[in-house]
Protein chains: 2
Amino acid sequence: MAILPNMNEVSARPNRQYIAEQARIFKALGHPSRLLMVQALRDGEKCVCDLQALIGADMSTVSRHLAVLREAGVVRSEKRGTNIYYALALSCLATFLQCTGTLIAERIRQKSALLEHDQDAT
Amino acid sequence: MAILPNMNEVSARPNRQYIAEQARIFKALGHPSRLLMVQALRDGEKCVCDLQALIGADMSTVSRHLAVLREAGVVRSEKRGTNIYYALALSCLATFLQCTGTLIAERIRQKSALLEHDQDAT
DNA sequence: TTCATATTTGGCAAAATAGCCATGCTTTAC
DNA sequence: GTAAAGCATGGCTATTTTGCCAAATATGAA
């Protein structure tokens, strides 16, 4: 029998492959264009053309970004007719986006307030 | 009054700064060494020396990684005596790590099974 | 003060990433 | 069959990231 990763062991002391895969997910999400596409996919699947319109970059660029997301397992793609439709494949992502979103909004708010204060002082 | 980001607007149609900040968080987490440190910090704060022992890279490398995490707002640091202690600053991260962890463990399990199957066939 | 310890920062070379253009592939329309 | 539409991929350059060494900084001990 092959050496299978033990769930408990994984949780306690993650092995290299496990960490690498998880980092891959974060890395895939760590680009504005890719994150924007993922945000959009929360509303439902979209074809590459839709996502290209959203990003406004070359089709080839969008396609590569989608490949990164797909290979990380963040999205999945399905071909129907002449189009390829992408959809979210990481259900728990929405919650996390919501949470960080709230935090970031708060941080941006505070930073704006700080800038305003500095302007008042000068 | 300064233009403050509106929460509703942010949720519906994220602006550039918002997306960039959120992507920054993911990017920071998208490196095996940084992710490993963050995983370790779930157990509580640690000094840089602890984290260096965990990663096994040069101290300067670890310090740089920590700076990336700190600037993204994933961790915060506090100086006490001659040490600097790092702690998680993104509470909702633990849940997401748990969720993706389960998913990844399952994927790795399936891939292992596939490899084993291929070996049986050859 | 001087020394040792803990951490950050400057600087550099190697590696990875991003984005564009041109090209190739696949499916539908004609 | 040919043409067109929708995506992916090869290939290239510019930029960014990574990781090390050396040097700077800060803090506590002697």
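## Helix packing in chain B

Helix H3 of chain B passes helix H4 of chain B in a right-handed crossing (the near helix is turned clockwise from the far one by less than a right angle). This is a predicted model, in which local features need pLDDT of at least 70, side-chain atom pairs count only at pLDDT 80 or more, and totals for chains, interfaces and linings use all residues. Residues are numbered from 1 along each chain as its sequence is written, chains are lettered from A and ligands numbered from 1 in the order in which they are written, and side-chain values use heavy atoms, leaving out hydrogens and water.

The axes of H3(B), residues 32-41, and H4(B) come within 10 Å and cross at roughly 125 degrees (axes are lines fitted to C-alpha atoms over the stretch in contact, with angles from 0 to 180 degrees between N-to-C directions). H3(B) and H4(B) are therefore oblique to each other (under 35 degrees is roughly parallel, over 145 roughly antiparallel, 65 to 115 roughly perpendicular and the rest oblique). Helices (H or I, at least four residues) and strands (E, at least two) are DSSP runs numbered from the N terminus.

From H3(B), the residues B:Ser33, B:Leu36, B:Met37, B:Ala40 and B:Leu41 meet B:Leu51, B:Leu54 and B:Ile55 of H4(B) (contact is heavy atoms within 4.5 Å).

## Helix packing in chain A

In chain A, the axes of helix H3 (residues 32-41) and helix H5 come within 10 Å, crossing at roughly 75 degrees. This angle makes H3(A) roughly perpendicular to H5(A). On the H3(A) side, A:Ser33, A:Arg34, A:Met37 and A:Val38 meet A:Val62, A:His65, A:Leu66, A:Val68 and A:Leu69 of H5(A). Six nonpolar residues, two polar and one charged form the contact of H3(A) with H5(A).

A:Ile55 belongs to helix H4 of chain A. Apart from its neighbours within four places in sequence, A:Ile55 contacts A:Ser33, A:Leu36, A:Met37 and A:Val62. A:Gln110 is 55 residues from A:Ile55 along the chain, and their C-alpha atoms are separated by 28 Å.

## The H2 pair between the chains

Helix H2 (residues 16-29) of chain A and helix H2 (residues 16-29) of chain B have axes that come within 7 Å and cross at roughly 155 degrees. The two helices, H2(A) and H2(B), are therefore roughly antiparallel to each other. H2(A) passes H2(B) in a left-handed crossing (the near helix is turned anticlockwise from the far one by less than a right angle). In this pairing, A:Ala23, A:Phe26, A:Lys27 and A:Leu29 of H2(A) meet B:Ala23, B:Phe26, B:Lys27 and B:Leu29 of H2(B). The contact of H2(A) with H2(B) comprises six nonpolar, no polar and two charged residues.

## Surfaces at the DNA strands

DNA strand C is surrounded by 22 residues, with A:Lys27, A:His65, B:Ser63, B:Arg64 and B:Tyr86 the closest (near means a heavy atom within 4 Å). Sugar or phosphate supplies 63% of the atoms of DNA strand C within 4 Å of the protein, and bases supply the rest. At least two residues of the surface near DNA strand C come from each of helix H5 (59-72) of chain A and, in chain B, helix H4 (48-55), helix H5 (59-71) and strand E3 (83-88). That surface near DNA strand C has seven nonpolar, nine polar and six charged residues.

Around DNA strand D there are 22 residues, of which A:Ser63, A:Arg64, A:Tyr86, B:Lys27 and B:His65 come nearest. Of the atoms of DNA strand D that come within 4 Å of the protein, 67% belong to sugar and phosphate. The surface near DNA strand D has seven nonpolar, nine polar and six charged residues.

| Side chain | DNA atom | Distance |
|---|---|---|
| A:Ser60 | base nitrogen, DNA strand C | 3.0 Å |
| A:His65 | phosphate oxygen, DNA strand C | 2.5 Å |
| B:Thr82 | sugar or linking oxygen, DNA strand C | 3.2 Å |
| A:Ser63 | phosphate oxygen, DNA strand D | 2.5 Å |
| B:Lys27 | phosphate oxygen, DNA strand D | 2.7 Å |
| B:Lys79 | sugar or linking oxygen, DNA strand D | 3.1 Å |

Helix H4 (48-55), H5 and strand E3 (83-88) of chain A, together with H5 of chain B, are the elements that give two or more residues to the surface near DNA strand D.

Definitions and conventions. A polar contact is a pair of N or O atoms within 3.5 Å; within protein, one must be able to donate a hydrogen and the other to accept it, and residues adjacent in sequence count only if both atoms are side-chain atoms. Ala, Val, Leu, Ile, Met, Phe, Trp, Tyr, Cys and Pro count as nonpolar, Asp, Glu, Lys and Arg as charged, and the others, Gly among them, as polar.
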